[in-house]
Amino acid sequence: MRAALAALALLGLSACAPTVRVEVAPITIYAKLDANVRLQLDEDVKALIQKNPNLF
């Protein structure tokens, strides 16, 4: 009888497994583009359009 109670107690304890929840706060990232990067990108886009006029 003790063995049956012990088995029942173990079964009951195993059903109550702890739960761990992890919450991560959202991260806001601000990026500042340099004027040179924008200028180079603009020139690259213009060159791409000139090479492929039917692209758009």
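How many helices and strands are there in the chain? In this predicted model, the chain contains 2 helices and 0 strands. Helix 1 covers residues 2-14, and helix 2 covers residues 35-51. Of the 56 residues of the chain, 0% count as buried. The accessible surface of the chain amounts to about 6,100 Å², of which 64% is supplied by carbon and sulfur atoms.

The structure holds 1 salt bridge. The pair is formed by D42 and K46, with the closest N and O atoms 3.6 Å apart. Both residues belong to helix 2, and because D42 and K46 are 4 residues apart there, about one helical turn separates them.

A nonpolar patch on the surface is formed by V20, V22 and V24. Together, these three valines have about 370 Å² of accessible area. One of them, V24, is located in the loop between helix 1 and helix 2. V24 has a relative accessibility of 69%, so it counts as exposed, the threshold for that class being over 50%.

Methods. Residues numbered from 1 in each chain as written. Predicted model: local features only at pLDDT ≥ 70, side-chain atom pairs only at ≥ 80, totals over all residues. Heavy atoms only, no water. Salt bridge = Lys/Arg side-chain N within 4 Å of Asp/Glu carboxyl O. Patch = residues over 30% accessible without salt bridge, like charges linked within 9 Å, V, L, I, M, F, W, Y side chains within 5 Å. Areas by Shrake-Rupley, 256 points an atom, 1.4 Å probe, with all protein chains shown as cover. Buried < 20%, exposed > 50% of the residue type's maximum accessible area, 1.4 Å probe, protein only.
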